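Here is a friendly walk through one protein model, from the overall fold down to a few individual residues. Keep the viewer open as you read.

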Amino acid sequence: MEQEADSVDPRVQRTRRDVVDAATALFLEQGWAAVTHAEVAHRAGYSKATLYAHWPTRLDLVRASVDQMCAAVGHPQSTGDLRHDLIAGLLDFGQDLADGHLVRVFGGLLERAGSDPIVDELRERLYAAGTRSLDSALRSHLRAEDVEPSLALLVGGVLVRAGFQAQPADRPFVEDLVDRVLAAARRDGAR
């Protein structure tokens, strides 16, 4: 793969970078509907023909954007302390939701869930990338069968708080949520 990237013309690499950057910015700023060949071409400064040559469908542009978002996902440093790591990760997630960008991305993917297997795969990849550190922390401390329900409760709680209730997922809220989920998991037999 490295050798293949080295053999690609630098102009092609620059074009790909510019187009994917533009598509990602549009997706984050304005949502799915804004990611059209015309809008991306305009923002990136290339012709629509150039975009169609490399990204024949709108879904190809969205996939490239999601790939870029997944690659850029950052997580707080793990400390090995489950409660601390969950709180730090959820506060980070809550801040990302409060910024509004993720809400637009999730909204576009959720609205189209079930409409195309590629959309479903992108939604799953974005979720996996975004929850990787939380999942890892839970797996190192809970029984395997408690991980997915706990992760869903934690992420869902923050998503509902920020996305649907339009309230901040602040430290007191996140600490309470984490404590409740961990208490339930431990009551059911956590390691």
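A residue is called buried here when its relative accessible area is under 20%, and exposed when that area is over 50%. With that in hand, let's begin with the whole chain, keeping in mind that this is a predicted model.

## The overall fold

The protein has ten helices and zero strands, so its pattern along the sequence reads α-α-α-α-α-α-α-α-α-α, counting helices as DSSP runs. Its C-alpha trace spans about 60 × 40 × 30 Å along the principal axes.

Of the 191 residues in the protein, 37% are buried.

Which residues of α5 are buried? They are Leu59, Leu61, Val62, Ala64, Ser65, Val66, Met69 and Cys70. As background for reading such a list, an α-helix has 3.6 residues a turn, so residues three or four places apart point the same way. The buried residues of α5 pack against α2 (10–30), α3 (37–44), α4 (48–54), α7 (101–111) and α8 (117–139).

## The largest pocket

The largest pocket in the model has a volume of about 670 Å³. Its lining is made up of 30 residues, and those nearest the centre are Phe93, Leu102, Phe106, Leu126 and Gly130. The elements giving two or more residues to this lining are α2, α5, α6 (82–98), α7, α8 and α9.

Which helix gives the most to the lining of the largest pocket? That is α8, with seven residues. By residue type, the lining divides into 16 nonpolar, ten polar and four charged.

## His37, a buried histidine

His37 sits in helix α3. With a relative accessibility of 6%, His37 counts as buried because the cut-off is under 20%. A polar atom of the His37 side chain lies 2.6 Å from the backbone oxygen of Trp55.

Leaving aside residues up to four places away in sequence, His37 touches Lys48, Leu51, Tyr52, Trp55, Pro56, Thr57, Arg58 and Leu61.

## Two loop residues

Arg112 lies in the loop between α7 and α8. Is Arg112 buried or exposed? At 19% relative accessible area, Arg112 is buried, because the limit is under 20%. The Arg112 side chain reaches the backbone oxygen of Gly108 at 3.0 Å. Beyond residues up to four places away in sequence, Arg112 touches Trp32 and Val119.

Ala166 belongs to another loop, the one between α9 (144–164) and α10 (171–187). Its relative accessibility is 66%, so Ala166 counts as exposed. Most residues other than glycine have a negative phi. Ala166, however, has a positive phi of about 55 degrees although it is not a glycine.

Technical notes:
Residues numbered from 1 in each chain as written. Predicted model: local features only at pLDDT ≥ 70, side-chain atom pairs only at ≥ 80, totals over all residues. Heavy atoms only, no water. Helix = DSSP H or I, 4+ residues; strand = E, 2+ residues; numbered from the N terminus. Buried < 20%, exposed > 50% of the residue type's maximum accessible area, 1.4 Å probe, protein only. Polar contact = N/O pair within 3.5 Å; in protein donor to acceptor, adjacent residues only side chain to side chain. Contact = heavy atoms within 4.5 Å. 1 Å grid on protein atoms, 1.4 Å probe; cavity = no way out; pocket = protein on both sides within 12 Å on 5 of 7 lines; lining within 4 Å. Points joined across faces, edges and corners; volume = space filled by probe spheres on them. Nonpolar A, V, L, I, M, F, W, Y, C, P; charged D, E, K, R; others polar.
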